[in-house]
Structures are given as C-alpha cells and as structure tokens.
Amino acid sequence: MSAAQRRAQILDIAMLEFSRTGLFGTPVDVIAKAAGVTQPYVFRLFGSKTKLFTECVRISFTQSTTRMLDAAEGLSGVNALVAMGNQYRSNLENNPDVLIQVQAFAACANDEVREAVRECYGDQWQQLAKRAGVDPVQMKIYMALGLLLNDLTMIGAKPGAGMDEQWVEDAYTVIDASVFAALGTLPDPDA
C-alpha cells in the first residue's frame, strides 16, 4: 500500500473511531491496530493525535457541506434550506461525518480543535447561506435546528424507536416552509 493509500485508510478508520469516542477517548494505538500499522507510523504521517483529529473534522465538515449544497442544486431561499435540511436529517444516524462534528464541539477545550471547528463551521455557514440566498436570521434558525437534530440524535430520541414521549414527537415536528420564510431579518427598533 502506498503512503497515500495508507494515509486514506488511517483517516477512514480514525473517522469511525473518533466519531464513537472522540478526541480524548480514542487511543491512537486503536486506530493504528485497526489499520495494521504501528502507533509511531500514525504519528509520522499526521504529527499528533490532535492533528489527525482536526483533519477528520475538516473532512467531516467538507463532506456534509457538499452533500447539503448538492441537495439544494438549482434551489434558492427557503426551498434550498428545506432541501439541505432534509439531506442533513437523512444523514444523521450512524454517520461518522455528523458524529465527529458533535465530538469536535465537545473537544473545543483544545485550542487547535476549537480553531479548526470555528473555521469549518464558519465556512459551512457561508457556503450554505450563499447557496440559499437567505438573510442572517433565516440562516441562524437553520443552523440552530441542525444543532437540535444533532442533540436528539446523540441522546437517541427518535419517534418510533421506543420513544413514546410527546416531547420527542414535538421535537421532530416539521416546520412549514411558509413559517420559516416569514422569519426574516427583524426591523431595527431604533429606525
């Protein structure tokens, strides 16, 4: 296997392992063993566990952003947000891309991770907002709803999965596009 192929293999394994147990709970030797290499080899390729983790975070954000942008191809406004949101929602469960982002937020006590997450999150926000052509308030609500879906996924709250509490059903209530469209930038109270 070439170094590039080995690097890609290690990244695939690291994505899966980090999505399960995060930066602080994933020993590099677990990743190395799964790849059939030594721990020093992993460090030689990536420099540190944190650098390997942040590379996985960047890949995760890039992949999820690309999928959302593709889902909104040819659409704009609320229709684009709905298409992107539906695509994101369909990829929540057991998807290392999404789960690693949740783990990345949890690891933001580390300055290097926080900087990578801030950069990736900002880039994702800007790309999605540009594709949709929505105002800042609509984008803010869209991103907030995505984080709610992340939270629900992480705690296993899903309708029809043995969760008969009303709040679970309520949390998954689909927001009518007309309501969402009406949530635009509020007028300046000082104007």
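The following legends describe close-up views of a predicted model.

**View 1. The annotated segment at residues 27-46.** The UniProt record, an unreviewed entry, places the feature "DNA-binding region" at these residues. Over residues 27-46 the chain is 80% helix and 0% strand.

**View 2. The largest nonpolar core.** This core has 27 residues. Those with the most contacts inside it are Ile 10, Phe 18, Val 42, Leu 52, Phe 53 and Cys 56. Two or more residues are given to this core by each of H1, helix H2 (28-35), helix H3 (39-46), H4, H6 and H7. H1 supplies the largest share, seven residues.

**View 3. The surroundings of Leu 52.** When neighbours within four places in sequence are left aside, Leu 52 is in contact with Ile 10, Leu 11, Ala 14 and Phe 18, and also with Ile 31, Val 42 and Phe 46.

**View 4. Helix H6, residues 96-106.** Eight of the eleven residues of this helix are buried, so H6 is largely enclosed by the rest of the structure. The buried residues are Asp 97, Val 98, Leu 99, Ile 100, Gln 101, Val 102, Gln 103 and Ala 104. Among the elements that cover them are helix H1 (3-25), helix H4 (49-71) and helix H5 (77-90), together with helix H7 (111-132) and helix H8 (136-154).

Definitions and conventions:
Residues are numbered from 1 along each chain as its sequence is written. This is a predicted model: local features need pLDDT of at least 70, side-chain atom pairs count only at pLDDT 80 or more; totals for chains, interfaces and linings use all residues. Side-chain values use heavy atoms; hydrogens and water are left out. Buried means under 20% relative accessible area, exposed over 50%, partly exposed in between (1.4 Å probe, protein chains only). Helices (H or I, at least four residues) and strands (E, at least two) are DSSP runs, numbered from the N terminus. Contact means heavy atoms within 4.5 Å. UniProt positions are given in the numbering used here, feature names are shortened, and annotations may be inferred rather than shown by experiment. A nonpolar core is a set of buried Ala, Val, Leu, Ile, Met, Phe, Trp, Tyr and Cys residues joined through side-chain atoms within 4.5 Å.
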